[in-house]
Amino acid sequence: MRLRQQYFLASASLQDVIRQWVRVHGEDFSQFAAKNCFQLNDTHPTIAVAELMRLLMDEHDLGWDEAWSITSKVMAYTNHTLLPEALERWPVRMFRQLLPRLLDVIYEINARFLAEVASHWPGDLDRQGRMSLIEEGYEQQIRMAYLAIVGSISVNGVAALHSELLQQGLFRDFYELWPEKFNNKTNGVTQRRWMASCNPGMSALITEAIGPGWITKLDELRKLASHADDPKFRARWRGIKQDNKVRLASLIEADCGVVFNTKAMFDVQVKRMHEYKRQLLNLLHVIHLYDRIKHGDTANWTPRCVLIGGKAAPGYYMAKQIIKLTNNIAKVINNDPEVGDKLKLAFLPNYRVTAMEIICPGTDLSEQISTAGKEASGTGNMKFMMNGAVTIGTLDGANIEIREEVGDENFFLFGLTAQQVEERRRDYNPVAIINADADIARIMHLLESGHFNQFEKGIFDPILHSLTSPHDPWLTIADLRGFIDAQQQASLAYQDQEKWARMSILNTAFSGKFSTDRTMLEYNAEIWKLQPLPEMPMN
Ligand SMILES: *Cc1c(COP(=O)(O)O)cnc(C)c1O
């Protein structure tokens, strides 16, 4: 069904464009490549490479060379993930049954491509096998990402680190063959939705301070930086953040039945539930705070309300376990009078864009804590930054560029780098780390003792097993000490509300790079090469 849907949508789009082309130019396709571009958004529409060849040859009588010359100039591919399990592969058997003509076309593309590989690396059969569009094995599969790379004029990742890792890792062979195809387009979010529409209070203050230019030129937010030193401006900024926290607290009370004290730090992690995003790391820190409260280690305490939200894919057992663990921990913490207002935890179900429009304006601390090298870019990180949340995060995806823009002193950094992650895998021993760190040992003991699943014996064993396995791909325990320390830094910084407001303003002020306007201008300048229309006067 999914392959049928992909084919239907790709073919319909191509036929629509060709129909309009023929209406103007007849069957003359000599200028088609100069005037058209199809930006393949992930591997889902990549079947368009083969389908355009079919349409040009079978429906419009072009020869192979002419059709390929057009196809390989109009297609461009954006990759969105480094996780190899997320790259689509379709069984050859399915293609043979559903799309036999396209299978012919793909075999021919592959034969010609492998001849090019052979001429570049004579006798290197390993390389030919690695790069083939067809994966051999128990069942032959078509590697859709490779079809996209072979058929495209441009291949890009969505943040600087991600594009670099594509070239050095996942697509290394292709980069060595065609380095000129590869480039980066750092993602963005639109300030029309993620500030002007969702945060009217802050938008009005910003416009009052620097004028309305930021709505179409986000870089102008830089002018806010000087206002960060103005105590009156900071007071108004804090007042608006406070109103937004009240609005978010109402949503949480309605959807989670948990009451957040709006004077506490709002510590938020909302994103799809996935092990690489490490909601578990966040939970281990929450357990640490709970453990400190229960031990009376609460001198100089910063009250926190922790929100975790996200959907799990229907078949992803571990992701659902993490949701269950969040709810169980929340029940223990939120019902303990000794914990009181010092700490709250809520799980928000049905996380969606309309919820994020309430969440990001009301957040103090944005959790961007993926295992370095795994988050292609992230865009939630940008929405939070734009709305004046401070990030606690790893050197992953666009976090790196966010920290570059806002400055190290306005970002809570922790954790292994992507390179250190790969080195650590070789001798990773989480049990040794746990035994050597009293705080971590207590966190793990609370989990292992069944404190959060007293009437559900053993249900969290799969989580405990994955955390303590030397093969844990996400190295959660390796980053836990650094995370706890960075969280403590954030807690202390929050106690100085003037300092925090300054950091918050500077995060918004330096978020200009992360507008989709900048992203689209780069795609256009380097790939699409369209002439922009003159700006229309807006009345
Ligand atoms: C922004 C957004 C995302 C992406 O969040 P990341 O933290 O970058 O993974 C996912 N879902 C919704 C509803 C969003 O608004």
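## Cavities

The lining of the largest cavity is made up of one nonpolar, seven polar and four charged residues, and this description, like all that follows, rests on a predicted model. The volume of this largest cavity is about 70 Å³, and the residues that line it are Gln 269, Lys 271, Lys 277, Gln 368, Ile 369, Ser 370, Glu 375, Ser 377, Gly 378, Asn 381, Asp 396 and Asn 399.

In total, two cavities of 30 Å³ or more are found in the structure. The second largest cavity, with a volume of about 30 Å³, is lined by Glu 275, Leu 280, Ser 466, Asp 472, Trp 474 and Thr 476, a set that divides into two nonpolar, two polar and two charged residues.

## Ligand surroundings

Around the ligand stand Val 270, Lys 271, Lys 277, Tyr 351, Arg 352, Val 353, Met 356, Gly 378, Thr 379, Gly 380 and Lys 383. Among these residues, Lys 271, Lys 277 and Gly 378 also belong to the lining of the largest cavity.

Of the 390 Å² of accessible area that the ligand has on its own, the protein covers 83%.

## Cysteines

A disulfide is a covalent bond between the sulfur atoms of two cysteines, and a search of the whole structure finds zero disulfides. For Cys 360, the closest cysteine sulfur is that of Cys 198, at a distance of 4.4 Å; because a disulfide requires the two sulfur atoms to be within 2.5 Å, this separation is too far for a bond.

Cys 360 is buried, its relative accessible area being 0%, whereas Cys 37, at 28% relative accessibility, counts as partly exposed.

Key: Residues numbered from 1 in each chain as written. Predicted model: local features only at pLDDT ≥ 70, side-chain atom pairs only at ≥ 80, totals over all residues. Heavy atoms only, no water. Buried < 20%, exposed > 50% of the residue type's maximum accessible area, 1.4 Å probe, protein only. 1 Å grid on protein atoms, 1.4 Å probe; cavity = no way out; pocket = protein on both sides within 12 Å on 5 of 7 lines; lining within 4 Å. Points joined across faces, edges and corners; volume = space filled by probe spheres on them. Nonpolar A, V, L, I, M, F, W, Y, C, P; charged D, E, K, R; others polar. Near = heavy atom within 4 Å. Areas by Shrake-Rupley, 256 points an atom, 1.4 Å probe, with all protein chains shown as cover.
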